[in-house]
Amino acid sequence: MISSGIRCTTLLILHAIFWRVYNINMKLVERLSADYPSFRFVSSATPHWNQAEHTIYYNADSATTLHELGHALLGHQSYGQDIELIQMERAAWNKALCLAPKYGVRISTEDVEAALDSYRDWLYKRSLCPTCGQCGVQSHVDYCYTCPNCHSRWRASSGKNKRLRRNIIAAQ
Ligand SMILES: [Zn+2]
Ligand SMILES: [Zn+2]
């Protein structure tokens, strides 16, 4: 009985923390909607900026919400080479860091580096040769990768939140 009591208390605390965080972010989104009426704000499990829809998809995290607003304000669209993606991510975080004091949001440089690291890991996995595991080189023309070791060519799927696929392209 004691353990279930503790579990129940833990759940209640977690629930309270979640709603507190969620409410803080709802207030932020209300302010942002008023300050940036040209963007739409839509709640989503996978936060991102959609240029075509002029929509910021946000989750319960205030720092991430400001980051997505950063992409929106910088007019980020799609990216070409993977290296451009890291540059866009960093630029959006810099924008979020500038906006953070105005909206009372705390973003640490550790948070930013952790977010960028997760992108670097994903890009590293995209660059690994599906045939021999060597690190490939990405073309700036068609964005395909070529392996310097076994000369395989592949295209890596986009969408960081989806399962990564690397499809081999037949030699021309
Ligand atoms: Zn981003
Ligand atoms: Zn290879």
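Which residue stands opposite Gln138 in β5? Tyr145 does. This is a predicted model, in which local features need pLDDT of at least 70 and side-chain atom pairs count only at pLDDT 80 or more, while totals for chains, interfaces and linings use all residues. Residues are numbered from 1 along each chain as its sequence is written, and chains are lettered from A and ligands numbered from 1 in the order in which they are written.

**Sheet**
- An open, antiparallel sheet is formed by four strands in the order β4-β5-β6-β7 (strands are DSSP runs of E, at least two residues, and helices are runs of H or I, at least four, numbered from the N terminus).
- Its edge strands, β4 (137-138) and β7, each pair on one side only (two strands pair if DSSP finds at least two bridges between them).
- β4 and β5 share two bridges, as do β5 (residues 145-146) and β6.
- Four bridges join β6 to β7 (residues 166-169).

**Strand β6 and its partners**
- Thr146 has Arg153 in β6 as its bridge partner, and Ala156 stands opposite Arg166 in β7.
- Six residues lie between the strands in the β5 and β6 hairpin, where His151 takes a positive phi near 65°.

**Nonpolar core**
- The largest nonpolar core has 11 residues, including Leu28, Trp49, Tyr58 and Trp93 (such a core is a set of buried Ala, Val, Leu, Ile, Met, Phe, Trp, Tyr and Cys residues joined through C-beta atoms within 7 Å; buried means 20 or more other C-beta atoms within 10 Å of the residue's own, placed from the backbone).
- At least two residues of this core come from each of α1 (2-35), β3 (55-58), α2 (62-73) and α3 (82-103).

Key:
A residue is buried if 20 or more other C-beta atoms lie within 10 Å of its own, exposed if 12 or fewer, and partly exposed in between; C-beta atoms are placed from the backbone.
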